[in-house]
Amino acid sequence: MRLLTRTLMVAALVTVALARPQGFAALKVVTTTEDLASLAREVGGDKVQVDALAKGYQDPHFVDPKPSFILQVSRADLLIAVGRELEIGWLPPLITSSRNAKIQPGASGYLDASQNVRILEIPSGQITRAMGDVHPSGNPHYWLDPDNGRKIAASIRDKLSEMSPNDKAYFAQRYNDFDQKLAEAQKRWDATMAPFKGTKIVTYHRSWPNFMERFGLDVMGYVEPKPGIPPSPSHTLELIAEMKRLGVKLIVVEPYFDLKTPQAIANQVGGKVLILAPSVGGEKEATDYIHLFDYDVNLLASTLKQLGGK
Amino acid sequence: MDWTIFQFLVAPIVASLIIAGIHAYLGLHVVERGVIFVDLSLAQIASLGAAIAVWYGYEAGAPAIYWMSLAFTLLGAFVFAMIKGQDAHIPQEAIIGISYAVASAAVILTMSKASGEAEHLKDMLVGNILSVQWPEVWLTGAIYLAIGIFHWVFRKRFLEISIDAKAVAARGISVRFWDFLFYASFGLVVTRSVAIAGVLLVFCYLIVPSVGAMLWATRIGPRLAIGWVMGVLVSILGMYFSVVLDLPTGATIVCTFGVALIVMALLRPLVVRRAAQSGVIQAHGAVR
């Protein structure tokens with residue numbers, strides 16, 4: 001009998017230990033991208049434990065889910081997604097499989113980071129098929145504008161405060177620190193990019209409208225004829241002709257696209273292909289949200305300088 | 001090792017076992033007929049149907065997309081059944097290869113003209129075994145059970161046509177008709193499986209167990225048994241490796257299939273020699 005009670009007690013202890021492997025303290029936050037993870041760390045500090053699902057060098061439209069993803073989502077207190085249909089191909093089944101009621105869309109533990117930010121390319125009025133490829137909810141690559149980053153951080157601050165009211169002041173303080181740090185960095189970036197205002201460039205995918213708008217660059221065309229569709233000859237020829245006509249020299253490419261067509265176009269127009277990091281972790285130096293912009297802005301400015309000097 | 005993960009993997013594991021069950025059987029026919037790539041071809045033709053439905057303006061998930069891909073699958077089945085009847089000296093595999101290439105390219109062309117959903121069409125058509133949900137598992141199980149019963153009822157007819165179609169035709173039976181039934185039911189299965197598990201994985205479930213079984217046995221019965229055991233073991237092992245090493249599940253199972261086949265080939269001398277000693281191999285060889 002004593003043996004039985006003891007066994008039961010041990011079993012109960014083991015169950016408790018297994019059920020709560022990470023301890024009670026930190027809120028477990030899971031984000032779909034490393035950009036959101038970086039912002040959540042800025043605001044949450046040591047009150048949160050943050051993990052990102054997709055790596056920064058992966059195309060966030062197409063992520064091959066791994067078993068650990070389900071486990072992470074199943075244990076999350078808060079799931080932060082980019083939204084705007086960016087993760088539509090892989091996130092919804094993960095959320096369902098996780099059977100975690102807290103983080104289902106609409107529940108208190110689900111945060112769509114795109115709610116309060118400035119979204120570009122939202123079609124106005126009725127969408128018709130004649131308009132071609134239109135994303136009904138707008139361009140999902142909105143985090144590449146520091147002002148949007150600030151708004152995402154504010155959303156995260158509000159959500160964390162709601163989930164953990166005792167730490168409200170802590171999150172507010174950390175947000176203010178980040179806000180200041182970001183504002184200083186923005187002055188630096190704006191100064192670096194100021195000489196190139198109005199420069200026309202081409203990008204591969206429509207990942208950069210927010211970034212380019214912020215720094216005053218004009219995206220005059222895309223290597224892809226439509227998002228997700230490989231380049232076609234007539235589109236490529238048109239693009240080359242247009243680039244020659246306008247004297248456009250720079251093609252910005254995300255790390256996960258094939259460089260052959262962009263390189264061929266660059267050779268034709270005597271320009272250059274530049275791989276920028278669209279996400280934290282997309283390059284070694286882009287270790288957090290601010291370093292991401294440091295990396296991209298410096299690289300872009302030095303490349304534009306080279307091209308302009310020719 | 002964190003075992004709690006497996007409670008989330010029950011649906012994928014059951015799905016992979018269902019797929020292993022029917023594909024190991026169909027694979028025997030496919031290998032016997034020498035139409036190895038017919039599944040890729042039919043799956044691609046089904047995708048073309050779905051792509052055309054999207055191009056026509058149907059939203060993702062609309063039933064019309066499914067019916068359109070089904071119609072295309074049946075059309076493909078019809079074409080493959082007709083080709084075999086021809087006496088032209090064109091290998092059937094060549095036609096299958098051509099259909100695959102043309103259908104794949106036509107999907108790209110259709111998507112380039114389709115608005116909106118193009119970017120996500122790929123996800124719709126090519127599934128990921130890890131993301132499979134219970135309702136899909138049950139529906140798929142029910143459909144495969146129905147098709148399995150159909151094949152079990154007519155197993156002799158299907159088998160004799162797969163092994164020696166000319167002899168069956170000589171008896172005055174319409175091989176084209178039965179071929180159409182075979183490719184149509186096969187197309188139904190493959191289209192569903194690809195939507196759940198993706199092209200690579202479905203190809204492996206179809207071909208690798210029957211090839212592995214051919215290494216060890218000559219008769220259909222033992223081959224089927226070996227194929228099933230192999231399919232089940234590889235599914236579970238692959239799932240396990242995927243968890244332990246945290247790798248994408250589908251690709252891990254595919255590579256596990258490859259390794260399992262190599263192991264089976266290496267063990268073949270042991271298995272076959274022992275069988276030969278007991279005289280089994282000669283007896284079965286005579287049956288073939």
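What is the strand order in the open sheet of 4 strands in chain A that includes S6, and which way does the pairing run? Let's start there, and keep in mind that we're looking at a predicted model.

The order is S6-S5-S7-S8, and the pairing is parallel. If you look at the edges, you'll find strand S6, residues 218–222, and strand S8, residues 272–275, and each of those pairs on one side only. Going from one strand to the next, the twist averages 35°.

Helix H8 of chain A, residues 233–246, packs on this sheet. H8(A) touches strand S5, residues 200–203, as well as S6, and its direction makes about 155° with that of S6(A).

Okay, let's walk through the pairs. S5(A) and S6(A) run parallel and are joined by 4 bridges.

On to S7. S5(A) and S7(A) pair in the parallel sense, over 2 bridges. Here A:Thr203 stands opposite A:Val252 in S7(A). Strand S7, residues 250–253, then pairs with S8(A), again in the parallel sense, over 4 bridges. And A:Val252 turns up here too, with A:Leu274 as its bridge partner in S8(A).

Strand S1, residues 27–31 of chain A, pairs with strand S2, residues 48–52, in the parallel sense over 5 bridges. Find A:Val30 and look across: its bridge partner in S2(A) is A:Asp51. S1(A), H2(A) and S2(A) together make a right-handed β-α-β unit.

S1(A) also runs parallel to strand S3, residues 78–81 of chain A, and 3 bridges join them. A:Val30 stands opposite A:Leu79 in S3(A). For A:Val29, the bridge partner in S3(A) is A:Leu78.

Let's zoom out a bit. Chain A is divided into domain 1, which is 25–115 + 144–186, and domain 2, which is 193–309. Taken over C-alpha atoms, the centres of those domains are separated by 28 Å. Where they touch, domain 1 of chain A puts in 19 residues and domain 2 of chain A puts in 17 residues.

Which element gives the most to the domain 1 side of that contact? In chain A, H2 does, with 5 residues. The elements giving two or more residues on that side are helix H2 (34–44), helix H5 (146–163) and helix H6 (168–193).

Last stop is chain B, and some helix packing. Two packed helices are described by the angle between their axes and the distance between the axes. Helix H1, residues 10–33 of chain B, and helix H10, residues 199–216 of chain B, pack at about 65° with their axes 7 Å apart. H1(B) passes H10(B) in a right-handed crossing. On the H1(B) side, the contact includes B:Ile19, B:Ala20 and B:His23, and on the H10(B) side, residues including B:Val202, B:Tyr205 and B:Leu206. The residues of this contact come out as 13 nonpolar, 3 polar and no charged.

H10(B) also meets helix H2 of chain B, residues 38–55: their axes come within 10 Å and cross at roughly 145°. The crossing of H2(B) and H10(B) is right-handed too. From H2(B) you get B:Asp39, B:Leu40 and B:Ala43, and they meet B:Val199, B:Val202, B:Phe203 and B:Leu206 of H10(B). That contact divides into 6 nonpolar, no polar and 1 charged residue.

Notes. Residues numbered from 1 in each chain as written. Chains lettered and ligands numbered in written order. Predicted model: local features only at pLDDT ≥ 70, side-chain atom pairs only at ≥ 80, totals over all residues. Axes fitted to C-alpha atoms, helices over the stretch in contact; angles between N-to-C directions. Left-handed = near helix turned anticlockwise from the far one by under 90°. Contact = placed C-beta atoms within 7 Å. Nonpolar A, V, L, I, M, F, W, Y, C, P; charged D, E, K, R; others polar. Pairing = 2+ DSSP bridges. Domains from an automatic or database assignment. Right-handed = clockwise from strand over helix to strand, strands pointing away.
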